[in-house]
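Trainee: I have a new structure on my screen and would like to learn how to read it. Could we go through it together?

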Amino acid sequence: MFTGIVEELGEITAVENLGDPVEASRFRVRGPVVTDGAKHGDSIAVNGVCLTVVEHEGDEFTADVMAETLKRSSLGALTAGSRVNLERPMVADGRFGGHIVQGHVDGTGTLIERRPSEHWEIVKISLPAELSRYVVEKGSITVDGVSLTVVEAGVDYFTISLIPTTLALTTLGLKQPGDPVNLEVDVIAKYVERMLGDRQQSSTGGTQ
């Protein structure tokens, strides 16, 4: 489990396509902080996607990304030189700084607009229709692995407010209109929806 508090801004140093057509890719990622003590089989979130460490050497690690992940996330758009948000899983005795983040991307959005101000910046992002019911004002959402609070929740978009620290230390300070971002909605909302649906079905079945 992750919390959406990015530990460092890393860099993709190489991308190797595996298969023709591409069935998977092997990413080499530089991140001195997250590779400290890393070993084969560890999990590291890359732009909000939970990946498994295959190899670790120095301040770099490699991870294999399957075709399904490339299709459902923005990782397929990454190339050598791309900057990425990196986070290791939360340790049992660590502080819960963000919210529950699984590293399982629900979909992608597109950065629509940036509105800078003196002390923060408002960013507008498109929202896939199938995810809109899980996004509420003042609720939590993960954007490229960053735990954020929703400012405004529209039918097909939402806005977030980014402080200078977030702009400086994550990829969200680099994204421009038209760029894709990974989205993970609050898993609690999905569980509540499922439980209420099961309860309704049970109630209906019991009256027939």
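Mentor: Let us begin with two terms: helices (H or I, at least four residues) and strands (E, at least two) are DSSP runs, numbered from the N terminus, and two strands pair if DSSP finds at least two bridges between them. This is a predicted model, in which local features need pLDDT of at least 70 and side-chain atom pairs count only at pLDDT 80 or more, while totals for chains, interfaces and linings use all residues. Residues are numbered from 1 along each chain as its sequence is written, and side-chain values use heavy atoms, leaving out hydrogens and water.

Trainee: In what order do the strands β1 to β6 close into a barrel?

Mentor: Follow β1-β2-β5-β4-β3-β6, with antiparallel pairing. The twist from one strand to the next averages 45 degrees; axes are lines fitted to C-alpha atoms, for helices over the stretch in contact, and angles run from 0 to 180 degrees between N-to-C directions.

Trainee: How many bridges does β5 share with β2, and how many with β4?

Mentor: β2 and β5 pair over 7 bridges, and Arg26 has Asp64 in β5 as its partner. Between β4 and β5 there are 4 bridges, with Glu57 facing Glu60 as a bridge partner. These two strands form a hairpin with 2 residues between them, and Gly58 in the turn has a positive phi of about 60 degrees.

Trainee: Is strand β5 mostly covered or uncovered?

Mentor: Buried means under 20% relative accessible area, exposed over 50%, and partly exposed in between (1.4 Å probe, protein chains only). In β5 (residues 60-66), 5 of the 7 residues are buried, so the strand is mostly covered.

Trainee: Why does Gly37 count as exposed?

Mentor: Because its relative accessible area is 63%. Gly37 sits in the loop between β2 (24-30) and β3. Gly37 and His56 are 19 residues apart in sequence and 9.4 Å apart in space, C-alpha to C-alpha.

Trainee: Which strands close into a barrel with β7?

Mentor: The order is β7-β8-β11-β10-β9-β12, again 6 strands with antiparallel pairing. Neighbouring strands of this sheet are turned by 45 degrees against each other on average, direction ignored. Within it, 3 bridges join β10 (residues 146-153) to β11 (residues 157-162), and Glu152 has Thr159 as its bridge partner.
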